[in-house]
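Good morning, and thank you for joining. I shall take you through one structure today, beginning with a single loop and ending with a helix.

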Amino acid sequence: MILLDRVSKTYTKSGHPSLDRISLHVEPNEFVIVVGASGAGKTTLMRLLTREERQTSGKIIIGGIDFDKLKDKEIPQLRRKIGVVFQDFKLLPNKTIFENVAFALEMVGMGNHEIRNTVPKVLEIVNLSGKENSMPVELSGGERQRVAIARAIVRQPKILIADEPTGNLDPKHAWDVIKILEKVNRFGTTVLLTTHNQEIVNRLKRRVVTIKDGKIVSDRANSGYKS
Amino acid sequence: MTLWRIINSGLVNFIRNLSLAVAAMAIMVVTLTIVLFSLVINDTFSHTINQITSKIDISVYLNDNVSTSQSTQLLSQLRHLPDVASVTYESKDQVLKAYLQQNASNQQLVQAVSETSNPLPATIIIKPVDLNHLSQIKAFLSKPQVSALQSDPPSYSGQEKEAIDRITHATNVLQRIGVFAVIIFTVVSVLIIFNTIQMAIFNRRDEIHIMRLLGASTGYIRGPFIVESITYGILAAIISIIIINAAFQASSSTLQASSLGLLDIGYANRFFDNHFIVLLLIQLGLGIVIGAVSSLIATRRYLKFKIR
């Protein structure tokens with residue numbers, strides 16, 4: 001489902017690589033947690049996967065799409081196949097909650113009737129029923145993050161990438177978000193979650209990939225977190 | 001479906017970003033008002049010039065001994081001159097009749113004239129095509145065989161000619177200044193509109209970025225912005241035509257006075273009313289084009305895939 005083969009990313013020509021020959025293979029329906037301190041390279045990894053950035057060397061294949069052969073104009077299609085949840089939510093500020101979620105469906109050409117049926121169901125999954133007409137500024141951080149998750153999963157992507165989705169949340173809301181990710185994973189979506197929250201890692205008991213200074217230093221199933 | 005969504009989304013954005021919309025529209029209204037106003041004024045000046053020049057004619061006074069065939073020949077020769085618009089022949093009797101009518105109130109003069117045999121010459125009245133191109137006509141009239149037929153030198157609308165020349169010149173200059181001012185105003189305000197829309201879109205570059213991350217296509221992101229800017233243009237066009245209309249109605253007497261009589265406000269009003277649809281379409285067209293082009297340019301930079 002996700003395949004990285006000796007992927008490196010260097011921002012400056014002579015500088016230290018942010019990612020240094022990373023190889024990672026994620027099977028369909030897996031739940032993988034990527035941990036590491038700030039600046040270890042987690043976000044760079046996520047940005048490579050959504051093609052916000054291009055790897056300096058190595059090979060990336062996601063859902064059968066080889067990034068070396070991906071043209072700029074094909075990037076929208078790639079991104080529609082991946083659900084992404086960002087640390088800073090990235091909701092559209094001028095759209096209501098309903099419209100934010102519906103937007104993900106509109107651009108793949110879904111009909112209005114179907115959108116009106118689908119969006120409330122997804123908002124129910126993230127416990128936001130009744131907030132359809134609120135604007136993002138009216139919601140709490142936890143609620144906004146759940147909107148972002150609703151938007152990411154509404155298209156039922158095969159892959160969900162969540163970059164520090166709990167980074168801005170208090171423990172209770174953070175756990176709400178994690179529980180939703182687990183639920184999505186049970187429905188058959190491959191989840192890639194980055195975090196530096198030790199408690200989440202320990203309680204989830206999932207495969208943990210640890211990145212340090214741009215390198216994978218450990219890759220263990222059902223392991224706890226060691227910094 | 002998609003098109004409808006884009007239009008709908010653009011209109012919703014317009015309402016939700018109303019403060020920016022008002023700023024962009026205000027500037028557009030100013031531009032379009034200037035353009036519209038100058039269109040009307042320009043036409044009115046042309047009309048004034050035409051009216052003044054149409055009053056100018058050249059009178060050629062014929063000797064009493066000129067035969068009918070000679071005068072007929074002269075008439076047809078004059079008609080063939082390229083600078084001549086029209087030629088009218090008035091016989092001695094006609095001239096006298098007109099003279100008596102003009103001076104009907106002066107009984108002594110009427111009596112004096114009717115006591116003698118008709119002293120007035122038969123007259124050919126020439127209307128030139130262009131007031132500034134009389135040299136050919138003058139040259140023709142001063143040829144020996146033509147001047148031999150004349151009792152007096154031809155008169156060029158008498159003493160009015162010089163005054164009319166000045167007025168025409170002044171109107172021409174005003175017209176040129178007007179065109180120049182319009183061009184400058186238009187360029188400046190188009191730049192300001194560009195800038196305003198650029199700022200509006202700059203404020204929302206994050207929004208564009210988010211849509212990009214979600215996998216929205218270029219057209220789907222850009223569409224609503226263009227619809228929004230076109231809406232500015234359409235509303236600005238309508239507002240500006242209302243302003244112009246109100247201005248003409250409310251202050252026609254002031255305008256008339258301040259333009260030294262060069263501006264026929266009645267005519268301007270009629271021109272405005274008669275060409276209302278055309279003017280409205282011009283305004284709408286301009287508003288739509290300016291809005292669409294500036295939003296296209298402004299969104300372009302944020303829509304590029306900048307993958308490092």
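**A loop, a sheet and a helix**

Arg51(A) lies in the loop of chain A that runs between α1 (42–49) and β4 (57–62). Please bear in mind throughout that this is a predicted model. The backbone of Arg51(A) has a positive phi of about 60°, although the residue is not a glycine. In general, most residues other than glycine have a negative phi. Is Arg51(A) buried or exposed? Arg51(A) counts as buried, because 23 C-beta neighbours lie inside 10 Å and the cut-off for burial is 20 or more.

Chain A has another residue of this kind. Arg6(A), again not a glycine, has a positive phi of about 45°. Arg6(A) is placed in strand β1 of chain A, residues 2–9.

Which strands form it, and in what order? In chain A, 4 strands make an open sheet in the order β2-β1-β4-β5, with antiparallel pairing. The edges are taken by β2 (19–26) and β5 (65–66) of chain A; each has a single partner strand, so one side of each has no neighbour in the sheet.

β1(A) and β4(A) run antiparallel and are joined by 5 bridges. Within that pairing, Leu4(A) stands opposite Ile60(A) of β4(A). β4(A) and β5(A) also run antiparallel, joined by 2 bridges. Here Ile62(A) has Ile65(A), in β5(A), as its bridge partner. The hairpin formed by β4(A) and β5(A) has 2 residues between the strands, and Gly63(A) takes a positive phi near 50° in it.

Taken as a whole, chain A contains 7 helices and 10 strands. Of its 227 residues, 41% count as buried. When one considers contacts in chain A between residues at least 6 apart in sequence, 68% of them join residues at least 24 apart.

I turn now to the interface. How many residues take part on each side? In chain B, 15 residues are in contact with 20 residues of chain A. On the chain B side, two or more residues each come from α1 (2–16) and α9 (205–213) of chain B. The most is given by α1(B), with 4 residues. By class, this side of chain B has 7 nonpolar, 4 polar and 4 charged residues.

Next, the nonpolar cores. The largest has 100 residues, and those with the most contacts inside it are Val101(A), Ile149(A), Ala150(A), Ala24(B) and Met28(B). Helix α2 of chain B, residues 18–54, gives the most to this core, with 12 residues. A second, separate core has 12 residues, among them Leu78(B), Ala122(B), Ile126(B) and Tyr156(B). To return to Met28(B): what does it touch beyond its neighbours within four places in sequence? Met28(B) is in contact with Ile193(B), Tyr232(B), Gly233(B), Ala236(B), Gly287(B) and Ile290(B).

Two of those partners lead to my last element. Gly287(B) and Ile290(B) are among the buried residues of α13(B), which also include Leu279(B), Leu286(B), Ser294(B) and Tyr302(B). Helix α13 of chain B, residues 276–303, has 28 residues and should span 40 Å at 1.5 Å a residue; its end C-alpha atoms are 40 Å apart, which agrees. In general, an α-helix has 3.6 residues a turn, so residues three or four places apart point the same way.

I close with one residue of that helix. Ala298(B) is found in α13 of chain B. Ala298(B) is buried, because 23 other C-beta atoms lie within 10 Å. Which residues does Ala298(B) touch, not counting those up to four places away in sequence? They are Ile197(B), Gln198(B) and Ile201(B). Although Ala298(B) and Ile201(B) are 97 residues apart along the chain, their C-alpha atoms are separated by 6.7 Å.

Terms used:
Residues are numbered from 1 along each chain as its sequence is written. Chains are lettered from A and ligands numbered from 1 in the order in which they are written. This is a predicted model: local features need pLDDT of at least 70, side-chain atom pairs count only at pLDDT 80 or more; totals for chains, interfaces and linings use all residues. Two residues are in contact if their C-beta atoms, placed from the backbone, lie within 7 Å. Ala, Val, Leu, Ile, Met, Phe, Trp, Tyr, Cys and Pro count as nonpolar, Asp, Glu, Lys and Arg as charged, and the others, Gly among them, as polar. A nonpolar core is a set of buried Ala, Val, Leu, Ile, Met, Phe, Trp, Tyr and Cys residues joined through C-beta atoms within 7 Å. Two strands pair if DSSP finds at least two bridges between them. The expected span of a helix is 1.5 Å times one less than its number of residues.
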